[in-house]
Amino acid sequence: MSVLDLQRLRAEGQAFMEAISRETYLAYAGLKKTAELQPIYRKYDRVLGREALELTLDAFRSALDKSDDQRSAQALLEWEIESQAAKPLAALDEREIEWENTAAIRSPDGRVIQYQAAPIEIANTKDRALRLAIDAERTKLVRKEHAPLRLERLQREKEYIESLGIAKDYNSSFEAVTNISLSVLAASCEQFLRDTEAMWDDTLAQVLKSSLGIKPSMAKRSDALALFRASEYDDAFPGNEMESAVRRQVSEMGIDATAKGRIIFDVGEREGKRSRAFCSPVRVPDEVYLVLRPHGGQSDYNTFLHELGHALHFGYASADYPFEFRWLGDNSVTEAYAMLFDHRMQDKGWLARYTRLGQNRVPRFLRTAGIEELHFLRRYTAKLLYERAMYSGEVPWSELPDVYVSLLSNATGFEYDAADAFVDVDPRYYSARYLRAWQLQSVLNEQLTKRFDIDWYRNPSAGPWMVQELFAQGQRENADEIASRAGADQLSFQPLIRKIEGLLEA
Ligand SMILES: [Zn+2]
């Protein structure tokens, strides 16, 4: 067999990613009962061997600072470590996916609800007693069957990363290969939670009373699902108009929403489909799936816009870029493009033009959007703090559920359940990518507004600019570099706080 060099690693790595992506896409879209991952890992054994790891480590350590070689080596190393860690867990992942696709709970009113559909069911149940009872059944099943699977995965992943000896522990290994400082990010999360605490307490008490008729001391996490489902606006966000309305917006911006057919929309109801929408880049840029299982109303518009941002990013990536710039890199970037689109749901001009809200209901809806934004930011900042405690190894696994409940309940004002402590985790600090994306999104929105005006989303010059300056670049640059190219000193929560204050006054 030939010697492995970076050129071969790229070619085989891309083939491996395509195979894994296709398999998970089919399983998550409900088109296949489970994902057969192990045969793929066996087939691409060489990409994930010791030799490949050494090769990427060497390239990373010898590349010149801030050079394209360094970007490339960093992306390849991060991906190599992540895939190496995933390989021994493939059997566990197959088991989990199959479990998730077949598990069901019995609702107190006698109906059988697929586990995947439980969050949709909870969000749509207006009778509070029934809602809590359905969630109690979900929690029972999580505690008994799902949480142990996830706990084992998290423990084994942590052990594996630490065994590679990249740095002294999991957290410092993450920092070393990503250049993201967890301590700086955690400090800014704590600051954000302090800065917005009084604002959140007041707002939450009001909205719980007016929308759900309950006191803050009673609020549970399942109430949050119902609250942000905001079903009173359903008539303004008809499901059958969603795709065409958003496609019209993208074409008014001067680009094609399907990237000339490379993006495929799958937004219908199907049993076995994940309740959480996703975008699957099976071949970048040539074959990108946007998959959404309808919940109804505004939340579908939100997730559709979000996933469309990802899809456009992948679908318009430069075909002649190397594998690592098209596929890999800092996912804060793709999440920022996704959020740039989903934040149109906080944009009064956009709402008036592409939904059925009408001018007179826009202000009230903006306030709802502001409440939702503040809630999600408080939830994600708390998640980052929790996940940092989890991966630090300083808190025993058995005590983590209590830490989870206390951090998440305090930050959001909704009482969380200890059963979810290992299920409600975005592995490998994906929460850090989301938080950085939130920050980058506000920088980009400002840049687009300066260049193409407040209604950039319908300026026919904005789309082509976005394709060329942002999407085509894949994730060659990280979120900090893109922010500084857009003229921002650094990524921060301050612009988000100002935006939220404005929305809440609407
Ligand atoms: Zn996303």
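Helices (H or I, at least four residues) and strands (E, at least two) are taken here as DSSP runs, numbered from the N terminus. The structure is a predicted model, so local features need pLDDT of at least 70 and side-chain atom pairs count only at pLDDT 80 or more, while totals for chains, interfaces and linings use all residues. Residues are numbered from 1 along each chain as its sequence is written, and side-chain values use heavy atoms, with hydrogens and water left out.

With that settled, D424 is a handy place to start. D424 sits in the loop between α18 and α19. Its relative accessible area is 9%, so D424 is buried; the label means under 20% relative accessible area, with exposed being over 50% and partly exposed in between (1.4 Å probe, protein chains only). Not counting residues up to four places away in sequence, D424 touches R221, R379, K383, E387, Y404 and Y416, where contact means heavy atoms within 4.5 Å.

Two of those partners, Y404 and Y416, also pair with each other. Their ring centres are 5.7 Å apart and their planes stand at 75°, so the pair is edge-to-face. The rule behind that label is that rings of Phe, Tyr and Trp (its six-membered ring) pair if their centres lie within 6.5 Å, with planes under 30 degrees apart counted as stacked, over 60 as edge-to-face and the rest as tilted. The pair links distant parts of the chain, with Y404 in helix α18 (residues 400-412) and Y416 in the loop between α18 and α19 (430-452), 12 residues apart. Y404 and Y416 are both buried.

At 23% relative accessibility, V403 counts as partly exposed. Leaving aside neighbours within four places in sequence, V403 is in contact with Y386 and V395. V403 and A418 are 15 residues apart in sequence, and their C-alpha atoms are 8.8 Å apart in space.

R274 lies over the face of Y28, at 3.9 Å from the ring centre. The charged end of R262 sits over the ring of Y316, 5.5 Å from its centre.

Next come the nonpolar cores. A nonpolar core is a set of buried Ala, Val, Leu, Ile, Met, Phe, Trp, Tyr and Cys residues joined through side-chain atoms within 4.5 Å. The largest has 149 residues, and F414 and M466 touch the most other members. Helix α17 (residues 362-392) gives the most to this core, with 15 residues. Setting aside neighbours within four places in sequence, M466 is in contact with M253, L340, F341, L448, W456 and F471. A second, separate core of 18 residues includes A103, I113, A118 and V423.

I113 turns up again around S107. S107 is located in the loop between β1 (104-106) and β2 (112-114). With a relative accessible area of 2%, S107 is buried. Beyond neighbours within four places in sequence, S107 is in contact with I113, L130 and I134. The C-alpha atoms of S107 and A136 are separated by 9.5 Å, with the two residues 29 apart along the chain.

Finally, there is a sheet to describe. An open sheet is formed by 3 strands in the order β3-β5-β4, and the pairing is mixed; two strands pair if DSSP finds at least two bridges between them. β3 (263-266) and β4 (278-283) stand at the edges with a single partner strand each, so one side of each is left without a neighbour in the sheet. Direction ignored, neighbouring strands of this sheet are turned by 20° against each other on average. β4 pairs with strand β5 (residues 287-291) in the antiparallel sense over 5 bridges, and β4 and β5 form a hairpin with 3 residues between them. The bridge partner of P281 is V288 in β5, while F278 stands opposite V291 in β5. β4 is mostly covered, with 5 of its 6 residues buried. Helix α13 (residues 297-315) lies across β3, β4 and β5, running at about 175° to β5. Axes here are lines fitted to C-alpha atoms, for helices over the stretch in contact, and angles run from 0 to 180 degrees between N-to-C directions.

Terms used. A charge sits over a ring if NZ of Lys or CZ of Arg is within 6 Å of the ring centre and within 35 degrees of the ring normal.
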